[in-house]
Structures are given as C-alpha cells and as structure tokens.
Amino acid sequence: MNKTGFAFHEHCLWHDTGPCSVFDAPGGFIQPGTAAENPETKRRFKNLLDVSGLSELLTPIKGALAEHDDLRRFHTPDYLQRLATQSDQQFGEAGLCAPFRQDAFHIARLSAGHTIATLESVLKGEVDNAYCLTRPPGHHAESHQGNGFCLLGNIPIAIKAAQAKGLVNRVVVVDWDVHHGNGTQEAFYDNADVLTISIHHDNNYPIDSGAVHERGDGPGFGYNLNVPLPAGSGIGAYKATIEQIVEPAIKRFQPELIVIACGFDASAMDPLGCMILNAETYHWMTKRMMQCAADTCGGKLAMIHEGGYSEGYVPFCGHAVIEALSNAAIHVPDPLGADIARWGQQSLQPHQQALLSEISLLLNDIH
Ligand code: ZN
C-alpha cells in the first residue's frame with residue numbers, strides 16, 4: 001500500500017454559492033433551485049470513502065487558512081479586498097458565475113490552505129501521494145476576479161507558496177476537469193517552470209478560452225498545452241490524450257512534482273459536460289499519472305478536487321481515484337461502469353485523433 005494523504009475539512013462544505021440556480025442566476029423563466037456547485041457531491045464522495053472503510057487507510061492532512069502573502073502571489077490586492085469586504089455581507093459576486101454568501105472568503109482561504117498543505121506534505125515526503133477534497137474549487141479563478149464557482153486559484157497559490165519556500169521549482173499541472181483551466185493557465189502563462197496542460201470540452205466554459213493556439217508567452221511559450229476535445233469524447237479519446245500528449249510532455253519536461261486538477265465532470269453522468277467517461281477510466285488515468293510521477297519525480301503526485309456535478313456518480317469516480325492512489329485492497333464496484341463502456345463511440349474516433357496529431361507536434365517546444 002501507499003501512504004496516501006487526504007485533505008478535507010467539513011467547513012469547506014459549508015461554502016454557499018447563494019443566488020445561483022442549477023447553472024445560472026434564478027429569475028425570469030429559471031425556477032430557483034439548488035446550485036450545480038453544492039456540497040452534496042463532495043459530501044457523498046467523502047461518505048462513500050467512510051462507508052467502504054477506505055478513509056481509515058488514508059493519512060489526514062490538515063491545512064490552515066492561506067495567508068494573505070500566499071494569496072497575493074497570484075491575486076491582485078483590489079480583488080482580495082473586494083472579496084473580503086463582500087464576504088462580510090450577506091451576498092457577494094466574485095465575477096462571472098461566482099456568487100457567494102457570507103464567510104466565503106474565509107472558507108476559500110481554508111480551501112486554498114488545504115491545497116497548500118497537500119502539496120507540502122507530498123513534497124516533504126510525509127506521504128507518497130495525496131488527494132485534497134476541497135471547495136470552493138479554484139481552476140477558473142483569475143488574478144483579478146472569481147469565475148465559474150471559483151474564488152481563489154487554489155493550485156496556483158499552492159505551487160507559488162511551495163516555490164517561495166524552496167520546496168520545488170519545476171511542476172506539471174494536468175487539468176482533466178471537463179472545463180478549461182483558464183486560471184491556472186493565466187497564473188503561469190509566461191513561466192517555463194510550470195507546464196500547464198488542460199484537457200477539456202472544446203469551448204464549453206469559459207467561452208472563447210482554451211484553444212490550441214494559447215501556448216504561453218515569452219519564456220513560457222510552449223509551456224501551456226490545451227487539448228480541446230470535441231463533445232462526446234469518451235474512454236478511447238481520453239486514454240489516447242494521456243498516451244500521446246500528457247505522458248510525452250511530462251517526460252520531456254521532467255518535473256519535480258505532478259499536480260492534477262481533478263474534476264469529475266467529464267463523466268458520462270455530468271450535467272455540465274458532454275463527455276462519457278466512467279469511474280474505471282479515472283482509475284486508469286490516475287495509475288498512468290502515478291507511473292509518470294514514479295518515472296520522473298519519485299512518485300510525487302498531488303490531486304486537487306475541482307468540478308464534478310453528478311451527485312450520484314462523482315462518489316464512484318472519486319473512490320476509484322483514491323483506490324488507485326493508495327493501492328488499497330478495498331474496491332467499490334462502479335454501478336454504471338460496464339454499461340457506459342459499451343456506449344457507442346467510446347473508442348478513439350478519427351476526428352479526435354486528428355486533433356491529437358496536431359497537438360503532438362507542439363511537444364517539441366518543451367525542454
Ligand atoms: Zn469543471
């Protein structure tokens with residue numbers, strides 16, 4: 001078994017997105033209802049780990065509130081001030097599709113703080129690898145505003161904190177949330193020390209973000225890779241993306257740490273994505289990233305929770321990932337996995353391969 005760290009804090013589940021109904025602000029013809037980004041998906045993931053017994057085999061990681069110095073390495077002072085002020089009021093709006101209720105800044109700092117602690121625990125060798133189950137998520141948050149349910153850029157904040165402490169220099173971020181990791185891209189766009197790779201549904205969210213030609217600036221040119229897969233991509237397309245793009249990129253780059261922005265919204269059951277993965281594919285991708293980490297950086301792998309909006313299915317995808325990380329004997333069967341795997345067009349399709357062939361030519365700029 002591996003010593004797998006697990007960062008979690010109940011208070012993160014108390015974050016309330018407030019006036020957001022399913023996928024947008026209620027009003028007009030939109031009936032008020034539960035926001036897509038709500039605690040239940042993550043709570044059921046944690047509950048399944050408890051019920052299966054897997055959580056007893058994990059090493060708890062406790063995070064503190066992220067310090068203002070940590071936040072300022074990515075976010076502008078104006079934005080942080082606005083977030084703090086609005087957070088003392090009943091409602092706030094951090095940016096596009098990022099409403100919140102009071103205490104959000106405090107809880108977002110806790111979420112970022114757990115991400116910081118997760119990276120540090122892996123880098124210091126206290127655990128072999130780790131999973132951080134936290135919210136609000138972070139990968140859409142921009143330097144000057146929140147975006148897409150995200151208030152603070154958990155991963156950029158944690159990487160910059162670890163770099164500032166001299167714990168790491170070269171890091172790869174693989175973002176397999178179904179939406180573009182635009183915030184992480186922005187944070188390291190002109191930086192060759194952090195290779196950012198985002199696998200996402202082409203032009204889903206944010207709109208007009210995540211194209212192949214967004215490759216980085218200045219010294220960072222070549223160190224941002226976008227894989228905007230067409231709607232309907234499934235098991236074959238994702239496995240080919242890992243084999244043809246992600247693994248060769250990581251081997252060329254030779255990181256000291258691999259961070260996964262782990263969204264489960266590319267699952268076949270997700271209401272905010274149009275991809276068709278099952279839990280077994282998340283297990284497979286995690287195993288491949290563990291092998292990549294073993295080959296390049298002593299196995300140092302930190303996975304940070306992002307999106308995933310199917311209350312029923314996220315727990316099985318998440319459990320499959322933790323099974324992989326820990327090498328535990330405990331296995332929870334995926335109730336839908338076999339059926340999903342038999343859906344049409346699960347194999348790699350020619351138009352998907354054409355995109356991967358185009359992107360694989362860009363790997364030559366990674367050194
Ligand atoms: Zn997402």
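A search of the whole structure finds 7 aromatic pairs, where rings of Phe, Tyr and Trp (its six-membered ring) pair if their centres lie within 6.5 Å, and planes under 30 degrees apart count as stacked, over 60 as edge-to-face and the rest as tilted. One of them is the stacked pair of Phe6 and Phe8, with 6.3 Å centre to centre and 10° between the planes. The model is predicted: local features need pLDDT of at least 70, side-chain atom pairs count only at pLDDT 80 or more, and totals for chains, interfaces and linings use all residues. Residues are numbered from 1 along each chain as its sequence is written, and side-chain values use heavy atoms, with hydrogens and water left out.

**Aromatic rings and charges**

- Phe6 and Phe8 are both buried (under 20% relative accessible area; exposed is over 50%, partly exposed in between, with a 1.4 Å probe and protein chains only).
- Lys46 lies over the face of Phe8, 5.0 Å from the ring centre; the criterion is NZ of Lys or CZ of Arg within 6 Å of the ring centre and within 35 degrees of the ring normal.
- Arg170 is placed over the face of Phe253, at 4.0 Å from the ring centre.
- A cluster of Phe45, Tyr131, Trp176, Phe264 and Tyr282 is linked by ring pairs.

- Asp265 lies in the loop between strand S11 (257-262) and helix H8 (279-297); helices (H or I, at least four residues) and strands (E, at least two) are DSSP runs, numbered from the N terminus.
- Asp265 counts as buried because its relative accessibility is 0%.
- Beyond its neighbours within four places in sequence, Asp265 is in contact (heavy atoms within 4.5 Å) with residues including Asp177, His179, Tyr282 and Tyr309.
- Tyr313 is 48 residues from Asp265 in sequence, and the C-alpha to C-alpha distance is 9.8 Å.

**Helix H5**

- Helix H5 (residues 154-164) is largely enclosed by the rest of the structure, because 9 of its 11 residues are buried.
- The buried residues of H5 include Asn154, Pro156 and Lys160.
- Gly166, with a positive phi near 75°, follows H5.

**Surface patch**

- Met269, Leu336 and Trp343 form a nonpolar surface patch with about 230 Å² of accessible area together.
- Patches are made of residues with over 30% relative accessible area and no salt bridge, with like charges joined within 9 Å and nonpolar side chains (Val, Leu, Ile, Met, Phe, Trp, Tyr) within 5 Å.
- A salt bridge is a side-chain nitrogen of Lys or Arg within 4 Å of a carboxyl oxygen of Asp or Glu, and accessible areas come from the Shrake-Rupley method with a 1.4 Å probe; for residues, only the protein chains shown count as cover.
- Leu336 is in the loop between helix H9 (314-326) and helix H10 (337-341), and its 31% relative accessibility makes Leu336 partly exposed.
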